[in-house]
Amino acid sequence: MDSPDLPSIELPRTEGADLRATPRPPTASDRPNASAPAFPRPGSPEPGSPEPGSPEPGSAEPGLAEPGPSGSPVATAPVAANPQPVRTYLNFAVLVVCAFVFVRVVLVEPFGVPTGSMAPAILGNHRNAPCPRCGYPVRVGLPSGGGNAADHFSHIACPNCGKRFSLVGEPDVTGDRLFVDKHVYSLRKPRRWEMAVFHCPDPDPREYRRPYIKRVVGLPGESITIRDGDVYADGELLRKDAAAVEQTRIPVLDLSYYPDCGWGMRFLVEPREVDPRLPAPAVQPRLSPASSSVVKGGLLVLDASNNPQDRIQLVYRQWNFDEDREDVIRAWNSYDGVPRSFGQLPPVHDFSLSCELEVMALSQAALFTCGLTDGLDTVTAEVSVGNRAEGLAVLSRPTGEPLATVRGVALDPERTNYVVFSFVDRRVTLLVNGRELFPAVDLPAADGRGEVRRPFTLGARGCKLLVRELKLFRDTYYTQDGRNGVGDRNGVPRPVRLGADEYFLLGDNSGNSQDSRVWRKRDTAGHEVSAAGVPEAWFIGKPFLVHQPLRPGRVMIGGRERTFQTLDWSRLRWLH
């Protein structure tokens with residue numbers, strides 16, 4: 001079919017008109033200087049002729065004014081290159097997506113942690129509120145196995161002061177989110193005491209190959225046994241260095257959060273020895289609770305500055321404010337809620353202490369002392385205060401020769417000194433201002449350590465010290481739950497041998513963790529055997545950053561309080 005005729009449009013034309021503009025004769029106003037003579041100078045262009053290098057009349061440069069038929073300039077539109085913005089944005093978006101996919105698949109991947117097997121280092125879904133007596137932030141995980149939340153959260157205990165209260169009305173908080181380096185294990189092997197993300201070897205279809213996060217404890221080829229809360233490899237006690245102790249410690253006391261009644265009942269003051277040359281009395285005087293002059297809120301005052309031989313020593317005891325008695329420090333993780341019976345939890349023995357020390361006054365022979373016990377042995381560190389050149393640090397036990405002696409060290413009176421003293425896995429370490437004063441001292445492995453109610457002492461001689469940010473921690477206690485590497489009903493150890501490429505992994509929250517102690521499978525004959533070892537090929541990567549720890553937030557909108565989840569900056573940290 002032919003297309004219909006369309007009306008044609010003709011443009012008007014001027015008969016005989018030249019479409020190019022004709023320049024008009026120049027006038028006096030066109031000359032650069034109106035007062036100049038009308039005659040041109042020799043060598044100058046004729047009037048009306050174009051300037052050298054200028055375009056011919058009738059031609060136009062882009063963006064310049066061109067004279068029209070009447071002599072008035074007519075603007076011409078500039079010719080711009082097409083930037084193609086849509087294509088540019090599309091290319092940028094494709095590059096961003098490719099970079100994200102490459103980083104996600106090859107290098108780094110975020111993971112969310114819903115459970116609390118690594119608490120308190122890594123938190124799962126939980127509820128959070130400050131203790132009504134001391135203000136310490138108490139975080140308790142959601143009930144496991146579909147338990148009743150009202151019963152679980154109705155009776156919560158503060159791990160700092162022991163106050164019982166309820167979290168029933170508090171909102172749920174999502175667990176921590178981590179960045180995991182997926183490339184690290186292609187460059188090196190997994191290392192002992194570091195966290196790792198891996199595929200679960202449990203043959204249960206609900207758990208099989210799910211991503212888990214635990215801590216690497218046993219290495220390939222080792223025979224692993226758990227005894228008295230510690231781990232043994234090929235019969236040797238596995239000991240942690242100072243960095244590993246910091247990663248696995250669990251809080252017991254934080255003096256900066258103090259109850260209205262104060263911490264005085266938790267510290268006993270030993271009588272002063274004005275002159276140590278006098279014979280010791282036949283009957284030792286009874287220790288008395290510290291007064292408000294010694295314990296001031298979250299601050300301890302060790303004042304022994306009356307003379308060079310003046311001394312003061314404080315003994316910490318795990319005092320129960322509600323029942324007025326000393327308690328044994330047990331393997332209780334407050335993240336799991338209150339157990340049915342504290343007395344059934346095993347006692348712990350390994351402790352670490354940290355504090356800040358400020359020197360207010362001193363004499364020539366000033367000393368700071370700190371002691372720790374594990375229920376069997378007590379180790380004491382003495383560090384000089386003042387002159388570093390003449391300073392001395394001594395590590396000793398009540399009987400026998402000193403364990404270690406270092407010269408040329410002292411607490412600096414011109415700065416705040418940070419001290420970390422640990423007696424963990426029968427290994428003693430002492431750090432002052434980030435420096436390890438002497439190589440770690442190892443005592444022989446021992447069973448049958450007693451219960452601990454008074455874990456540490458602090459003292460001063462010939463000086464006045466202010467103790468701030470005092471914190472007491474216990475080491476992770478690995479329980480006997482499971483069948484791999486733990487004792488049987490009679491307590492007889494059942495070691496588990498790892499394969500040539502297998503690792504033994506455990507959770508820090510040992511009483512509430514599915515890990516290498518419990519994983520089992522059936523062999524070809526149908527017999528149940530150990531599945532404790534995680535093959536190296538099943539490792540996903542190493543977590544290196546807690547990038548999204550959350551806490552509940554509250555805001556008033558329209559006269560009503562609204563709750564939401566916000567970033568908890570205090571727990572945003574790198575993982576080692």
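The accessible surface of the chain comes to about 31900 Å², and 53% of this belongs to carbon and sulfur atoms; the areas follow the Shrake-Rupley method with a 1.4 Å probe, and for residues only the protein chains shown count as cover. The model is predicted, so that local features need pLDDT of at least 70 and side-chain atom pairs count only at pLDDT 80 or more, whereas totals for chains, interfaces and linings use all residues. Residues are numbered from 1 along each chain as its sequence is written, and side-chain values use heavy atoms, with hydrogens and water left out.

**The whole chain**

Display the chain as a cartoon: the secondary structure comprises 3 helices and 40 strands, taken as DSSP runs (H or I of at least four residues for helices, E of at least two for strands) and numbered from the N terminus. Colouring by accessibility would show 41% of the 576 residues as buried (buried is under 20% relative accessible area, exposed over 50%, partly exposed in between, with a 1.4 Å probe and protein chains only). Of the contacts (heavy atoms within 4.5 Å) between residues at least 6 apart in sequence, 66% join residues at least 24 apart.

**The cavities**

Two cavities of 30 Å³ or more are found in the whole structure. A cavity here is a set of points, on a 1 Å grid over the protein atoms alone, where a 1.4 Å probe fits but cannot get out, and lining residues have an atom within 4 Å of a point. Grid points are joined across faces, edges and corners, and the volume is the space filled by probe spheres set on the points.

Select Asp228, Gly229, Asp230, Val348, His349, Asp350, Arg449, Asp475, Thr476 and Tyr477 to see the lining of the largest cavity, whose volume is about 50 Å³. This lining divides into 2 nonpolar, 3 polar and 5 charged residues (Ala, Val, Leu, Ile, Met, Phe, Trp, Tyr, Cys and Pro are nonpolar; Asp, Glu, Lys and Arg are charged; the others, Gly among them, are polar).

Next, select the residues around the second largest cavity, of about 30 Å³; among them are Trp193, Leu238, Lys240, Asp425 and Asp475. Its lining holds 4 nonpolar, 2 polar and 4 charged residues.

**The salt bridges**

The whole structure contains 37 salt bridges, each a side-chain nitrogen of Lys or Arg within 4 Å of a carboxyl oxygen of Asp or Glu.

Remain at aspartate 475, which forms a salt bridge with lysine 240, the closest N and O atoms being 2.9 Å apart. The partners are 235 residues apart: aspartate 475 is in the loop between strand 31 (456-474) and strand 32 (496-497), and lysine 240 in the loop between strand 14 (236-237) and helix 3 (242-248). Both aspartate 475 and lysine 240 are buried.

Move to arginine 468 and glutamate 358, whose closest N and O atoms are 2.4 Å apart in a salt bridge. This pair joins strand 31 to strand 23 (residues 351-373) across 110 residues. Arginine 468 is partly exposed at 33% relative accessible area, and glutamate 358 is partly exposed at 25%.

Then select Asp228, Asp230, Asp350, Asp374, Asp377, Arg397, Arg426 and Arg449, which salt bridges with shared partners join into one network.

**The final stop**

Finish at proline 203, in the loop between strand 10 (195-199) and strand 11 (211-218). Proline 203 is partly exposed, with a relative accessible area of 41%.

Notes:
On a 1 Å grid over the protein atoms alone, a cavity is a set of points where a 1.4 Å probe fits but cannot get out, and a pocket is an open set with protein on both sides within 12 Å along at least five of seven lines; lining residues have an atom within 4 Å of a point.
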